[in-house]
Amino acid sequence: MGTEKELSKEGEGEGEAYPMKGGDGAYSYSRNSSYQGEVRNAAKELVSEAIVESLDILKFSPSTTIIRVVDLGCSVGPNTFLAVQNILEAIQLNYCQNQAVLKSQIPEFQVFFNDHVSNDFNTLFLSLPTADRRYHAAGVPGSFYSRLFPSHSLHVVHISYAIHWLSRVPKEVIDRTSPAWNKGRITYSSASDEVIEAFSAQCANDMARFLQARAEEIAEGGLMILILPVRPNGTPHSQVTHNIVHDLLGSCLVDMVRKGIVRKEKVDTFNLPLYYISSQELEAAIERNGCFSIERMESVPPLTYSQKIAPLTAEAYAFIIRSVMEGLIKAQFGEEILDELFRSFSKKLEDEVSLSDLVDKIVYFCAVLKRKAIN
């Protein structure tokens, strides 16, 4: 997701924007997203196989002269371009395997790169591949929780490492009069049942909007591919790696309250707009929507700590989190706390947790959905 992560309204009903830190500086997402790229790479074979086996190009051709692909939540950096290249190669292989039936040329490709309006699209398109690029590129700003494209105009939709961002923090968790007020915490994972239920309900509502928007945009036989970090079924929220890491970041903010650097009221009204869905919750949302068949729903081959970008030190991991969270934290607490906050966070990562154990326990899912027949 784009320029410095700022809190801004994207329009009525679209919620709030949380773009990644833009540019190419030390804390930018483009320089600190190699880990997310490793997740994409681990899912590469699953995505390719799904497109070759499940993309119903016979429903598109010969009348279709343009295949439209979109990467939702593209952010900045090379990951989005590598994902798109993999998708296009798989589509081309699908066409080649069906050439005897199709008896037509492979269509042209149009690729859309989507993220919030405040995403750093300038940096993104400055790094757009030029050599051997076989597609026409366009940026599409806006929230993926709302409609972005004409009806049934898309053939492949891809979203990786983005759907765990909610459209907004549930209102009740920052309401002092609510039983779900999440006082003194920035995540839901170790909070009361009321807080967890508020985040779960917000996620369910967001997923319903997301799936309905895509159902209206994807052509019959088209695919949607989701790669996302998940909470293993039955695992307590407090034991999900991402939540453990974010709770540690929250403890650093609480420490700054004790030192008088941050006002307590600021922490009491700050929550990260994140929720890690389980595969059961995801399947239930898809079934409620009713417009997609589940072609695949499986774990991405696990990334072990030794396979990560080397060295994945506490400092390097803190840089990753800063590139994602900086603008959000800056909007609430101001820029002046950032360096001290993330130095403290890096030290706690090194002293209080086993980073290798935490990273090895992260579970990612690849879900491949096909648009059912359109009545």
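This is a predicted model: local features need pLDDT of at least 70, side-chain atom pairs count only at pLDDT 80 or more; totals for chains, interfaces and linings use all residues.
Visitor: What makes helix 7 oblique to helix 10?

Guide: The axes of helix 7 (residues 241-258) and helix 10 (residues 314-333) come within 12 Å and cross at roughly 50 degrees. Angles under 35 degrees count as roughly parallel and those from 65 to 115 as roughly perpendicular, and the crossing angle of roughly 50 degrees therefore makes helix 7 oblique to helix 10. The crossing of these two helices is also right-handed.

Visitor: Where do helix 2 and helix 3 meet, and at what angle do they cross?

Guide: The axes of helix 2 (residues 44-54) and helix 3 come within 8 Å, crossing at roughly 35 degrees, and the crossing is right-handed. On the side of helix 2 the contact is made by Lys44, Val47, Ser48, Ile51 and Val52, and on the side of helix 3 by Asn86, Ile87, Ala90, Ile91, Leu93, Asn94 and Gln97. The residues of this contact divide into 7 nonpolar, 4 polar and 1 charged.

Visitor: Which strands does helix 3 lie across?

Guide: Helix 3 (residues 79-97) lies across strand 3 (66-72), strand 4 (108-115) and strand 6 (154-160), and runs at about 150 degrees to strand 4.

Visitor: Why are strand 5 and strand 8 called edge strands?

Guide: The open sheet is formed by 7 strands in the order 5-4-3-6-7-9-8, with mixed pairing. Strand 5 (136-141) and strand 8 (292-299) each pair on one side only, and they are the edge strands. From one strand to the next, the twist averages 15 degrees.

Visitor: How do you know that strand 7 and strand 9 pair?

Guide: Two strands pair if at least two bridges are found between them, and 8 bridges join strand 7 (residues 218-230) to strand 9 (residues 363-371), so the two strands meet that requirement, and they run antiparallel. Within this pairing, isoleucine 225 stands opposite valine 368 in strand 9.

Visitor: Why is serine 75 called buried?

Guide: Buried means under 20% relative accessible area, and serine 75, with a relative accessible area of 2%, is therefore buried. Serine 75 is found in the loop between strand 3 and helix 3, and has a positive phi of about 60 degrees although it is not a glycine.

Visitor: What makes aspartate 132 count as exposed?

Guide: Exposed means over 50%, and because its relative accessibility is 71%, aspartate 132 counts as exposed. Aspartate 132 lies in the loop between helix 5 (121-126) and strand 5, and has a positive phi of about 60 degrees although it is not a glycine.

Visitor: Is glutamate 53 buried or exposed?

Guide: Glutamate 53, which is found in helix 2, has a relative accessibility of 58% and therefore counts as exposed, the cut-off being over 50%. The C-alpha atoms of glutamate 53 and glutamate 295 are separated by 9.4 Å, although the two residues are 242 residues apart along the chain.

Note on methods. Residues are numbered from 1 along each chain as its sequence is written. Side-chain values use heavy atoms; hydrogens and water are left out. Axes are lines fitted to C-alpha atoms, for helices over the stretch in contact, and angles run from 0 to 180 degrees between N-to-C directions. Helices (H or I, at least four residues) and strands (E, at least two) are DSSP runs, numbered from the N terminus. Angles under 35 degrees count as roughly parallel, over 145 as roughly antiparallel, 65 to 115 as roughly perpendicular and the rest as oblique. A crossing is left-handed if the near helix is turned anticlockwise from the far one by less than a right angle, and right-handed if clockwise. Contact means heavy atoms within 4.5 Å. Buried means under 20% relative accessible area, exposed over 50%, partly exposed in between (1.4 Å probe, protein chains only). Ala, Val, Leu, Ile, Met, Phe, Trp, Tyr, Cys and Pro count as nonpolar, Asp, Glu, Lys and Arg as charged, and the others, Gly among them, as polar.
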